[in-house]
Amino acid sequence: MNLPKELKYSEEHEWVKQEGDNKVRVGITDFAQDELGDIVFVELPEVGDELEFNSPFGSVESVKTVSELYAPVSGKVVEVNEELDDSPEKVNESPYEDGWMIVVEMTDPADLDKLMDADKYESMVSE
């Protein structure tokens, strides 16, 4: 399981990468994409949408199931990975690079304190 140490992780299996200027890049973890199987569709919010911590912001559809995506931070969506419209498999192939989903301008940077580091996340998923 690939868990980059510099990222933060949510209990709902999203990862968060700090980008500076109060912005974070968000996607789903390697563990999550592996559990879902082959991803065939990704539904994401629009640029300008407001997200609330731990509330649904989209979904991922795989050959097995449909799974909600939960906001790991509160804030405004400032960028959406539109490549996933035509190539949702990027989430499986490269969850931390090409398969990122959204960039959020945080309203409350303290949300990051509610997330786990890689070691804590790894403990949670291996239980």
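Mentor: Start with Asp21, which sits in the loop between β2 and β3 (23-28). The model we are reading is predicted.

Trainee: Is Asp21 buried or exposed?

Mentor: A residue counts as exposed when its relative accessible area is over 50%. Asp21 is at 69%, so it counts as exposed.

Trainee: What is the phi of Asp21?

Mentor: It is near 55°. That is a positive value in a residue other than glycine. His13 also has a positive phi, near 75°, and is not glycine either.

Trainee: Where does His13 lie?

Mentor: In the loop between β1 and β2 (14-20). His13 has a relative accessible area of 22%, so it is partly exposed.

Trainee: Now salt bridges. What is the general idea?

Mentor: Side chains of opposite charge can pair when their charged atoms come close. The cut-off is a side-chain nitrogen of Lys or Arg within 4 Å of a carboxyl oxygen of Asp or Glu.

Trainee: How many salt bridges does a search of the whole structure find?

Mentor: It finds 4. Take the pair Asp119 and Lys5, whose side chains meet at 2.7 Å, N to O. Asp119 is in helix α4 (residues 118-125) and Lys5 is in the segment before β1 (8-9), so this pair ties together parts that are 114 residues apart in sequence.

Trainee: What does Arg25 pair with?

Mentor: Arg25 forms a salt bridge with Glu19. The closest N and O atoms are 3.1 Å apart. Buried means under 20% relative accessible area. Arg25 is at 17%, so it is buried. Glu19 is at 34%, so it counts as partly exposed.

Trainee: And which residue meets Lys114 in a salt bridge?

Mentor: Asp111 does, at 3.0 Å, N to O. Asp111 is buried, with a relative accessible area of 2%.

Trainee: How do I read distance along the chain against distance in space?

Mentor: Leu3 and Asp117 are 114 residues apart in sequence, yet their C-alpha atoms are 9.4 Å apart. Leu3 lies in the segment before β1. Its relative accessible area is 11%, so Leu3 is buried.

Trainee: How far apart in space are Asp119 and Glu93?

Mentor: They are 23 Å apart, C-alpha to C-alpha. In sequence they are 26 residues apart.

Trainee: Let me try surface patches. Which residues form the negative surface patch?

Mentor: Glu46, Asp49, Glu50, Glu82, Asp85 and Asp86 form it. To join such a patch, a residue needs over 30% relative accessible area and no salt bridge. Check Glu46: its relative accessible area is 56%, so it is exposed. Glu46 is in the loop between β4 (39-43) and β5 (50-51).

Trainee: Which residues make the nonpolar surface patch?

Mentor: Val40, Phe41 and Val63 make it, and its area is about 290 Å². Phe41 is found in strand β4. At 44% relative accessibility, Phe41 counts as partly exposed.

Trainee: Last topic: records. What does UniProt place at Lys64?

Mentor: An unreviewed UniProt entry places "modified residue: N6-lipoyllysine" there. Treat that with care, as annotations may be inferred rather than shown by experiment. In the model, Lys64 is in the loop between β6 (56-62) and β7 (66-70). Lys64 is at 60% relative accessibility, so it counts as exposed.

Trainee: Which residues does the annotation "domain: Lipoyl-binding" cover?

Mentor: Residues 23-105, according to the unreviewed UniProt entry. The end C-alpha atoms of that span lie 4 Å apart. The span is 18% helix and 42% strand.

Technical notes
Residues numbered from 1 in each chain as written. Predicted model: local features only at pLDDT ≥ 70, side-chain atom pairs only at ≥ 80, totals over all residues. Heavy atoms only, no water. Patch = residues over 30% accessible without salt bridge, like charges linked within 9 Å, V, L, I, M, F, W, Y side chains within 5 Å. Areas by Shrake-Rupley, 256 points an atom, 1.4 Å probe, with all protein chains shown as cover. Lys, Arg positive; Asp, Glu negative; His and termini not counted. Charge placed at Lys NZ, Arg CZ, Asp CG, Glu CD. Helix = DSSP H or I, 4+ residues; strand = E, 2+ residues; numbered from the N terminus. Buried < 20%, exposed > 50% of the residue type's maximum accessible area, 1.4 Å probe, protein only.
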